[in-house]
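Student: I have a structure open on my screen and would like to learn how to read it. Could you walk me through it, feature by feature?

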Amino acid sequence: MPPRHPAPPHLGTDVSQRPPLLEARGIAKRYGSVVALRSADLTVAAGEVHALLGANGAGKSTLVKILAGVIPADAGTVRVDGAQVALRSPAEAMRAGLATVFQDPALIPDLTVEHNLRLSGLEPERIRPWLARVGLAGLDLGAVVRELPLPVLRLLDLARALAHEPRLLMLDEITAALPADQAERVFSVMADWRAGGRSVLFITHRLAEVLRVCDRATVLRDGRHVATLVPGEGGESRLVEAMLGEVAAVTAGPARAREGRTEAPVALEARSLTSRGSLRGVSFRLHRGEVLGLVALEGQGQDRLFEVLSGARPYDGGELLVDGRPFRPRSPFDAIRHGVVLVPADRLQALLPQRPVRENLAAALYNRVARWFSLLRDEEDRVRRVVERLAIDVRAQRQARRLSGGNQQKLVVGRWLVGGFRVLLCFDPTRGIDIQTKEQIYGLLRELADEGAAVLYYTSELQEIPLICDRVLVMYGGTVVHEQEAATADEATLLNAAHGLQEAAV
Amino acid sequence: MGAVGQVVAGRLGGEWRRLVRRHGWTVGVWGLLVLLLLWYAALIPRFGPFAIASIAKNSLPTAYLAVSQAVVVIAGGIDLAVGSMMVLANCVSALLMEGQSFGTTVLIAVGVVAGATLLNALVGWVIVTSRIPDIIVTLATLFVFGGAALMVLPSPGGGTSGGLRFVFTGSTSGVGSNYWPSLVALAVPLAVLAAWLGRTRTGLSLYAAGSDPNAAYLSGLNTRRAKVLAYAIGGAFAALAGLAVTAITATGDPKFANAANGTLNSVAAVVLGGVALTGGVGSVIGAVAAGVVLFILKPILTAMAIDPNTAQVIQGLLIIGVMMVAGLLELRRRRAG
């Protein structure tokens with residue numbers, strides 16, 4: 001690992017002694033009944049690179065959006081150089097000296113690079129040196145943004161932010177899609193910025209980067225500030241601890257007979273599966289009667305893996321087998337016909353929200369020509385059985401969108417029970433669901449597995465893994481980097497592996 | 001460095017080729033227009049200044065409406081009321097201009113344009129403030145403006161000055177062989193608008209608001225203002241269409257069918273002219289050419305002694321055909337690139 005960039009000498013070594021450049025106090029934000037930020041504090045000193053860390057859903061993105069003026073905070077104050085500022089729009093945040101590079105570059109896809117820059121009030125001559133600084137000296141300003149690759153857009157967005165010469169540069173997951181050499185450039189830009197007495201707020205999932213380039217790190221958990229640390233010797237474990245909190249006492253589920261599952265026939269197998277840019281050789285086996293957990297930080301290829309498995313996207317390399325036979329679905333319809341079905345995180349994506357419960361459950365049957373004529377009687381029976389089995393609350397059954405989130409998710413699972421399946425793909429199915437329904441869904445998935453179904457279960461909540469999974473895989477950077485028995489999987493190990501820290505995989 | 005290297009190397013591919021590719025649609029529509037004009041010239045026995053003047057002046061309302069619709073669609077909206085705004089402007093101007101001197105009619109014309117601009121700005125403001133979809137609000141205003149025209153002028157009537165007729169038609173009687181005034185009346189406002197849209201920050205913000213409102217907002221642009229502005233400009237051009245009708249016919253006609261036709265033609269012109277209905281893509285110059293293309297079909301069919309009512313069928317087929325050819329070309333370009 002290269003040496004850390006030295007701190008600028010004129011500012012002293014202890015960053016916490018310096019005057020704060022940005023001071024956010026008690027920032028709160030809720031969306032309806034969901035609390036995104038309870039009370040977040042953040043202090044960034046002048047001349048430091050400050051990391052903002054937290055597990056998925058800890059509130060990092062919400063805090064950044066508030067500081068960028070994209071969304072208003074419900075409560076709290078923001079001070080820049082000691083003076084309170086109002087951040088009612090991105091333009092106002094920029095005037096206050098805060099510039100942000102978002103995960104999705106904020107560039108207009110149908111306009112040329114030059115037009116985009118003009119829109120931000122930048123003449124081409126003014127941006128040239130900054131483009132050179134981020135390694136885009138030869139960029140064609142006449143190119144249409146839509147036709148440029150994502151890494152170029154990230155760097156272009158960075159150059160644009162730099163050209164406004166902000167006091168505080170906020171970089172949200174900027175290295176996520178960047179090749180290593182370009183990430184290096186970004187780090188050197190960050191070091192320059194610090195040397196000039198300005199600051200950088202760096203949001204990342206990669207702890208190794210934090211250890212290398214950041215002076216301090218603020219950790220959020222459940223929408224609160226939990227710690228501000230100096231990542232130093234042995235820092236990673238302290239950071240991981242702060243992100244997790246005291247190791248939560250997970251209620252152990254009833255002991256299950258899990259022996260022999262890996263001897264059962266393989267229902268789904270991936271061999272070095274690749275998909276352009278996202279999957280770099282994913283291999284795993286999913287046995288009948290097994291719930292296989294999958295864990296990853298955002299953007300490590302898990303979305304693409306599920307898209308490929310469910311037939312929404314083709315794969316371009318490797319092999320995929322269902323029950324030992326090659327499987328290359330051309331569409332979700334095709335995948336469903338082969339018995340590979342998906343329960344997505346966004347329930348409304350899968351449901352027909354304006355239609356009644358019964359139609360939603362029976363939708364999987366409508367594909368079969370033989371059923372076009374003999375539908376109703378049989379359909380009613382099947383639907384009734386599933387409603388009973390899943391204990392779906394049918395008081396609001398006239399329109400699926402009126403059901404609670406938990407009941408909607410039961411509908412999505414129930415649809416496949418009505419239609420039948422071989423492999424059930426669950427992508428974060430308990431997101432935003434109350435605890436009681438969660439447990440019902442866990443129970444149901446276990447039951448299905450005991451009956452011989454194969455379930456692939458991606459979750460963003462690590463504590464779910466030992467509750468319902470037999471084995472767990474960890475994805476990082478488009479491949480499976482870690483595998484273990486779920487019963488022995490503690491959160492720290494999984495999180496370390498998910499951050500790409502190799503030593504944890506031993 | 002792979003991706004970056006590619007982009008840099010792409011620069012050597014030739015400025016010219018890229019220009020043609022980017023404005024390919026506009027060039028294509030103008031080419032189609034030229035072809036149709038040549039065809040028309042070959043069809044009729046005496047093609048001369050009189051025929052040119054006839055096309056130039058009679059296509060003015062369609063062309064203005066195409067511009068009006070294009071500006072709004074580029075900014076991510078759609079204005080179903082452009083036709084009835086045209087009819088309203090026609091009726092108001094004909095009513096007020098009857099028996100007036102040239103000077104007075106010019107003042108009235110300016111007033112009508114200004115009024116339509118403000119009225120449509122208000123429509124835009126209602127849309128961005130209430131967040132009711134554009135198509136619903138402007139469907140409502142289609143009826144409101146259409147009804148207002150009937151209230152202003154319950155039956156056809158009114159008039160205008162010979163001078164104003166000259167400005168749009170090239171003749172104080174509305175019939176003649178001087179086509180320059182009609183061309184100038186279209187080209188000048190069009191050139192000003194096109195330059196403003198493509199070269200100023202505010203003009204570009206219309207494209208930005210239509211292309212990706214979220215990214216535009218994150219870049220610090222005022223997307224609401226951009227949309228209100230687009231509707232205001234659309235109103236001005238719809239009023240110009242109304243004034244052109246007054247000048248050509250020397251009367252005001254409140255018939256609702258004119259309004260509905262005008263709106264549908266404007267949407268057709270926008271689609272044919274290469275402006276994406278999803279916003280952010282296309283140019284007003286392409287839309288104008290498409291507007292004239294749609295207009296010229298009728299005289300061509302008449303010259304071929306085909307029932308002009310067939311024109312509507314052909315118009316529809318032409319739109320589908322052009323869209324399919326464009327889709328095919330785009331597909332080939334992607335495969336090649």
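**Reading strands, helices and cores**

Tutor: Let's start with one residue pair: Arg271(A) has Glu319(A), in strand 14 of chain A, as its bridge partner. Keep in mind that this is a predicted model.

Student: Which strands does that pair belong to, and in which sense do they pair?

Tutor: Strand 11 (residues 266-275) and strand 14 (residues 317-322) of chain A are antiparallel, with five bridges between them. They are part of an open sheet of four strands in chain A, in the order 12-11-14-15, with antiparallel pairing. Strand 12 (279-287) and strand 15 (325-326) of chain A are the edges, each pairing on one side only.

Student: Which sheet of chain A has six strands, and what is their order?

Tutor: That is the open sheet with the order 16-17-18-13-19-20 in chain A, and its pairing is mixed. Its edge strands are strand 16 (340-343) and strand 20 (479-485) of chain A. On average, neighbouring strands in this sheet are turned by 20° against each other, direction ignored. For a parallel pair inside it, look at strand 17 (residues 423-427) and strand 18 (residues 454-458) of chain A, joined over five bridges. There, Phe427(A) has Tyr458(A) of strand 18 of chain A as its bridge partner.

Student: What lies across that sheet?

Tutor: Helix 9 (residues 302-309) of chain A lies across strands 13, 16, 17, 18 and 19 of chain A, and runs at about 150° to strand 17 of chain A.

Student: How should I read the side chains along a strand?

Tutor: In a regular strand, side chains alternate between the two faces of the sheet.

Student: Are the residues of strand 7 of chain A buried or exposed?

Tutor: Five of the five residues in strand 7 of chain A are buried. This strand also has partners in two other strands. Strand 6 (residues 98-101) of chain A runs parallel to strand 7 of chain A, with four bridges joining them, and Thr100(A) has Met170(A) as its bridge partner. Strand 8 (residues 199-203) of chain A also pairs with strand 7 of chain A in the parallel sense, over five bridges. Within strand 8 of chain A, Ser199(A) stands opposite Leu168(A).

Student: How do I find a nonpolar core?

Tutor: The general idea is that in soluble globular proteins, nonpolar side chains tend to be buried together. Here the largest nonpolar core has 248 residues, and those with the most contacts inside it include Leu67(A), Ala159(A) and Val423(A). Helix 13 (residues 223-249) of chain B gives the most to this core, with 18 residues.

Student: Why does Cys214(A) count as buried?

Tutor: Cys214(A) is buried because 26 other C-beta atoms lie within 10 Å, and the cut-off is 20 or more. Cys214(A) sits in the loop between helix 7 (207-213) and strand 9 (216-221) of chain A. Beyond residues up to four places away in sequence, Cys214(A) touches Val49(A), His50(A), Ala51(A), Phe202(A) and Pro231(A).

Student: How many helices and strands does chain B have?

Tutor: Chain B has 16 helices and zero strands. With 337 residues, a compact globule would have a radius of gyration near 20 Å, and the 21 Å of chain B agrees with that. Buried residues account for 48% of chain B.

Student: How do I describe two packed helices?

Tutor: Two packed helices are described by the angle between their axes and the distance between the axes. Helix 11 (residues 201-211) and helix 13 of chain B pack at about 105°, with axes 9 Å apart, so these two helices are roughly perpendicular to each other. Ser205(B), Leu206(B) and Ala209(B) of helix 11 of chain B meet residues of helix 13 of chain B, including Thr223(B) and Ala226(B).

Student: Where do the two chains touch, and which element of chain B gives the most residues?

Tutor: In all, 24 residues of chain B are in contact with 28 residues of chain A. Helix 11 of chain B gives the most to the side of chain B that touches chain A, with six residues.

Key
Residues numbered from 1 in each chain as written. Chains lettered and ligands numbered in written order. Predicted model: local features only at pLDDT ≥ 70, side-chain atom pairs only at ≥ 80, totals over all residues. Core = buried A, V, L, I, M, F, W, Y, C linked by C-beta atoms within 7 Å. Buried ≥ 20, exposed ≤ 12 C-beta atoms within 10 Å, placed from the backbone. Pairing = 2+ DSSP bridges. Axes fitted to C-alpha atoms, helices over the stretch in contact; angles between N-to-C directions. Contact = placed C-beta atoms within 7 Å. Rg over C-alpha atoms; globule rule 2.2 N^0.38 Å. Parallel < 35°, antiparallel > 145°, perpendicular 65-115°, else oblique.
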